[in-house]
Amino acid sequence: MTEVYVEEYVVKGDSFLEVGEASTKLKGTLKMLGIPSDVTRRASVVVYEAEMNVMIHAGGGVIKASISSDSLVIEAVDHGPGIADIDLAMQEGYSTASDRIRELGFGAGMGLPNIKRNSDELDIETALGEGTTLRATLRFERG
Ligand SMILES: Nc1ncnc2c1ncn2[C@@H]1O[C@H](COP(=O)(O)OP(=O)(O)OP(=O)(O)O)[C@@H](O)[C@H]1O
Ligand SMILES: [Mg+2]
């Protein structure tokens with residue numbers, strides 16, 4: 001059986017000062033474990049964009065990173081409003097961010113496309129009024 005090392009990060013809603021912490025912490029863990037730097041780089045993008053989305057669009061949630069011998073699985077779970085149209089949300093430039101969020105420099109609609117680009121597998125489960133679970137897999141050796 002493959003050993004799995006798990007880390008969890010709590011992301012608060014509207015916490016602009018703290019957001020980025022999960023990404024920074026995971027980066028440290030991956031470096032410590034000797035995970036290839038390409039994976040570490042991609043993982044920090046995925047976690048950063050996932051924690052931004054959970055913080056801005058869902059009022060907070062939890063990010064979980066599971067590291068096994070051949071891959072890293074990043075899960076972002078929230079109980080926010082859910083995503084009405086995933087295909088639309090995946091398009092570059094699509095954003096429902098408010099003017100206030102845009103004034104802070106976010107809401108370019110690039111987060112999900114960026115997550116997709118940096119993952120080997122991406123799965124998003126969502127239900128309106130219930131929440132969203134994003135699961136990204138990054139393999140250590142790319143086929
Ligand atoms: N966890 C989530 N809960 C609810 N809606 C979400 C969630 N994540 C993404 N969305 C929806 O998908 C849209 C696109 O997300 P994406 O991350 O690509 O862009 P953005 O967050 O709006 O802007 P950017 O990431 O460039 O700052 C969001 O505007 C929002 O409507
Ligand atoms: Mg985003």
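This is a predicted model: local features need pLDDT of at least 70, side-chain atom pairs count only at pLDDT 80 or more; totals for chains, interfaces and linings use all residues.

Me: Which polar backbone atom is 3.1 Å from an oxygen atom of ligand 1?

Reply: A polar contact is a pair of N or O atoms within 3.5 Å; within protein, one must be able to donate a hydrogen and the other to accept it, and residues adjacent in sequence count only if both atoms are side-chain atoms. Here the backbone atom belongs to glycine 111. Residues are numbered from 1 along each chain as written, chains are lettered from A and ligands numbered from 1 in written order, and side-chain values use heavy atoms, without hydrogens and water.

Me: How many residues surround ligand 1?

Reply: A residue counts if one of its heavy atoms lies within 4 Å. Ligand 1 has 19 such residues, and the closest include His57, Ser95 and Thr96.

Me: Which residues meet in a salt bridge at 3.5 Å?

Reply: The term requires a side-chain nitrogen of Lys or Arg within 4 Å of a carboxyl oxygen of Asp or Glu. The structure has 9 of them. One joins aspartate 38 and arginine 42, with 3.5 Å from N to O. Both residues lie in helix α2, 4 residues apart, about one turn of the helix; helices are DSSP runs (H or I, at least four residues), numbered from the N terminus.

Key
Helices (H or I, at least four residues) and strands (E, at least two) are DSSP runs, numbered from the N terminus.
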